[in-house]
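Here's a quick briefing to read alongside the model. Have the sequence and the 3D view open as you go.

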Amino acid sequence: MDKFAANVFGGPGAGKTAFIVSSFWDWKARKQIRNGRLVVFGQEERDNSLDIPKELIVRFASPITEPLKAIDQMDKWLRKVNSLAAANSPERLEVIAFDGYSEWNDDVLHEHREKNPTDRDKWAKFDYAKEELQSILRLMDPLDLNAYILSTARVTRRRKAIKDKKGDTLVEADPEWMDDWDYFPAMSGWARDNIGHKQEFVLYMEAGELMTPPKGKPYVPHLLHMVPTGKFWIKHKRLDLWLEAGQPNYLTNSTFDDMLSRLEKVREVKSAN
């Protein structure tokens with residue numbers, strides 16, 4: 001199965017980081033299973049429960065304390081990752097776990113403000129974000145790197161238009177194609193509207209209510225939605241085959257390899273037919 005890019009979005013405590021980290025770090029057994037890195041800005045990721053070794057975390061500068069360094073650092077690091085892949089180096093990465101796009105989007109907009117404090121063009125920052133996103137997406141191509149590119153994003157609601165008393169539009173509504181869903185990855189402008197075009201999967205993750213089974217310990221189910229149900233924006237490149245194979249609408253407390261094994265089964269069903 002070819003390597004792919006997948007974005008997982010959701011609210012706080014949904015389990016997004018734990019899911020993408022599970023692709024290279026078995027946080028239950030405390031052992032590395034692939035050569036991967038968790039990529040973060042500043043101190044964004046502080047979930048000590050995953051017990052990720054420091055050497056498996058790539059931490060770029062904080063946009064608050066060093067506003068003009070973070071994006072540049074990420075660009076240079078990704079170019080090095082591409083060089084290792086092109087040389088088929090034994091040090092090449094098998095997984096990039098980027099946590100995540102919402103923080104990146106905030107950093108890029110902050111960087112633009114720092115570089116252009118007197119700019120009055122309200123669209124300039126979004127054009128800048130578009131160019132930066134296109135750049136890092138080119139550098140995080142799963143086929144070029146022969147690596148899984150996994151990312152997270154916060155969740156946001158579909159934006160409705162806001163008008164003043166005269167009926168003039170103050171804030172434009174999201175485009176009509178978004179009307180079928182309520183929730184999307186939290187990014188701004190072109191970045192949010194187009195991030196899905198560069199991902200084979202865009203999946204929603206949420207934490208359910210506390211479960212207290214008659215036997216066993218209480219637990220909170222973390223649900224990874226694989227099938228669009230009309231509420232969350234879901235992209236699934238193998239959706240027809242997934243449904244044909246009788247796979248569920250969502251996975252409960254799934255690791256990356258749990259999902260990957262199901263995708264492999266879907267592929268095997270297609271091959272058999």
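Helices (H or I, at least four residues) and strands (E, at least two) are DSSP runs here, numbered from the N terminus. The model is predicted, so to speak plainly about what counts: local features need pLDDT of at least 70 and side-chain atom pairs pLDDT 80 or more, while totals for chains, interfaces and linings use all residues. Residues are numbered from 1 along each chain as its sequence is written, and side-chain values use heavy atoms, with hydrogens and water left out.

**Gln199**
- You'll find Gln199 in the loop between helix 6 (189-194) and strand 12.
- Gln199 counts as buried because its relative accessibility is 3% (buried is under 20% relative accessible area, exposed over 50%, partly exposed in between, with a 1.4 Å probe and protein chains only).
- Its side chain gets to the backbone nitrogen of Ala6 at 3.5 Å, a polar contact (a pair of N or O atoms within 3.5 Å; within protein, one must be able to donate a hydrogen and the other to accept it, and residues adjacent in sequence count only if both atoms are side-chain atoms).
- Setting aside neighbours within four places in sequence, Gln199 is in contact (heavy atoms within 4.5 Å) with Ala5, Ala6, Asn7, Tyr101, Leu137, Ser151 and Lys235.

**The nonpolar core**
- The largest nonpolar core has 74 residues (such a core is a set of buried Ala, Val, Leu, Ile, Met, Phe, Trp, Tyr and Cys residues joined through side-chain atoms within 4.5 Å).
- Phe4, Ile96, Tyr101, Trp104 and Met259 touch the most other members.
- Helix 2 (residues 70-86) supplies the largest share of this core, seven residues.
- Not counting residues up to four places away in sequence, Met259 touches Phe4, Phe19, Leu203, Leu224, Met226, Leu251 and Ser254.

**Strand pairing**
- Strand 12 (residues 201-207) runs antiparallel to strand 13 (residues 222-225), joined by four bridges (a pair needs at least two DSSP bridges).
- In that pairing, Met205 sits opposite Leu224 in strand 13.
- On to strand 15 (residues 250-252): three bridges tie it to strand 13, again antiparallel, and His225 stands opposite Tyr250.

- Met1 lies in the segment before strand 1 (5-10) and is partly exposed, at 23% relative accessibility.
- Met1 and Leu263 are 262 residues apart in sequence, but 8.8 Å apart in space, C-alpha to C-alpha.
- Pro90 belongs to the loop between helix 2 and strand 6 (95-98) and is exposed, with a relative accessible area of 81%.
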